[in-house]
Amino acid sequence: MPIEHPSRRKVLVTGAAVAGAVAVPFIASAQSPLVVKFSHVVADQTPKGQGAVKFKEVAEKKLPGKVQVQVFPNSQLFGDAKELEALLLGDVHFIAPSLSKFDRYTKKIQVFDLPFLFDDMEAVDHFQSTAQGKALLDAMVGRGLRGLAYWHNGLKQLSTNRDKLTRPEDVKGLKFRIQASDVLEAQFRALGANPQKMAFAEVYQALQTGVVDGQENTWSNIYSQKFHEVQKTIAETNHGVIDYMVVTNAKWWDGLAADVRKGLSEAMAEATAHSNKLAAEINESDKKKIADAGKAKIQKLSKDDVAAWRKAMEPVWKKFEGDIGADLIAAAQKSNK
Ligand code: LMR
């Protein structure tokens, strides 16, 4: 009779196969690799997609036969409405939601959503490397989430199905898809528009069918999801940031064998450097591809236009200062040159 062994990673072979032997079970030493699942919602050719692919490559090289990393892009395994829950349940091991999607777990992280807080991606990168920025990686451990790294995407642009999109008044009364973030909701309300929280995987169809009139996103997300094919104008507002935190289930991570955790940490560091180096390049080249496709017009803005958007969105800062903390906002602001 084969007996059940507690370790699922060992292969049980019964001694009955051995001629003349008493049926004594023994454990073969063959070990199957630990399967690690990385799920995300964007395409492979985006900065996050490339980071996940690199993580797999490096982790499997550093831990040969010990770890197998499975990457699931494009909301194939979990969309962003479910991925955090799935991580906490142990159904997936790494996810990298946009920083806008954590506000149920920590209010502090809302700092990244404040409109016009960062002048450019260098400022975002700098803030993430400061003590206050790094502390946010550990801010959700009590809720079971351990942040391992920040990954860049880029600055957000605003798009609509209208011809004119240069001033805040052009979006009054329009419906916008937003990520699940209260700050972003307030941002669109401040503009007199109607925000609607929606999972990333549903945005293309919502734009195509007119369920919403517009959205905000990076060039790489707009291009890889083909939003430019169902929008008329994309204004180059650079009004906010989409960046990511790679998170894992804190309990699962702490329970890993030390050598596996070390190998995965090193792979994460390499994947982070790789993805962050590529992010600006991918966004720049996707912007060009959008322009070349000639479907949506790219609307450049004057300094005066940008100042008008900034002023219209300003009330959001005061509204969230209490939750985020004035000190954290000041620290982030200091990262601008
Ligand atoms: C979005 O929902 O628009 C983005 O957060 C998607 C992503 O992960 O870049």
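How far is an oxygen atom of the ligand from an N or O atom in the side chain of Lys 48? The distance is 2.6 Å.

## Model and conventions

This is a predicted model, in which local features need pLDDT of at least 70, side-chain atom pairs count only at pLDDT 80 or more, and totals for chains, interfaces and linings use all residues. Numbering starts from 1 along each chain as its sequence is written, and side-chain values use heavy atoms, with hydrogens and water left out.

## Domains

The protein is divided into domain 1 (16-106 + 122-152 + 243-277) and domain 2 (157-240 + 286-328), with bounds from an automatic or database domain assignment. Contact between them (heavy atoms within 4.5 Å) takes 17 residues from domain 1 and 14 residues from domain 2. Their C-alpha centres lie 30 Å apart.

## Ligand shell

Around the ligand are Val 41, Val 42, Lys 48, Asp 80, Ser 98, Lys 101, Arg 177, Gln 179, Phe 200, Asn 217, Asn 221 and Tyr 244. Both domain 1 and domain 2 give residues to this shell, so the ligand lies between them.

By class, the shell has four nonpolar, four polar and four charged residues. Here Asp, Glu, Lys and Arg count as charged; Ala, Val, Leu, Ile, Met, Phe, Trp, Tyr, Cys and Pro as nonpolar; and the others, Gly among them, as polar.

## Polar contacts and burial

Polar contacts are pairs of N or O atoms within 3.5 Å. Besides the Lys 48 pair, a ligand oxygen atom is 2.7 Å from an N or O atom in the side chain of Arg 177, and a ligand oxygen atom is 2.8 Å from one in the side chain of Asn 217. Taken alone the ligand exposes 270 Å² (Shrake-Rupley method, 1.4 Å probe), and the protein buries 100% of that.

Note on methods. Near = heavy atom within 4 Å. Polar contact = N/O pair within 3.5 Å; in protein donor to acceptor, adjacent residues only side chain to side chain.
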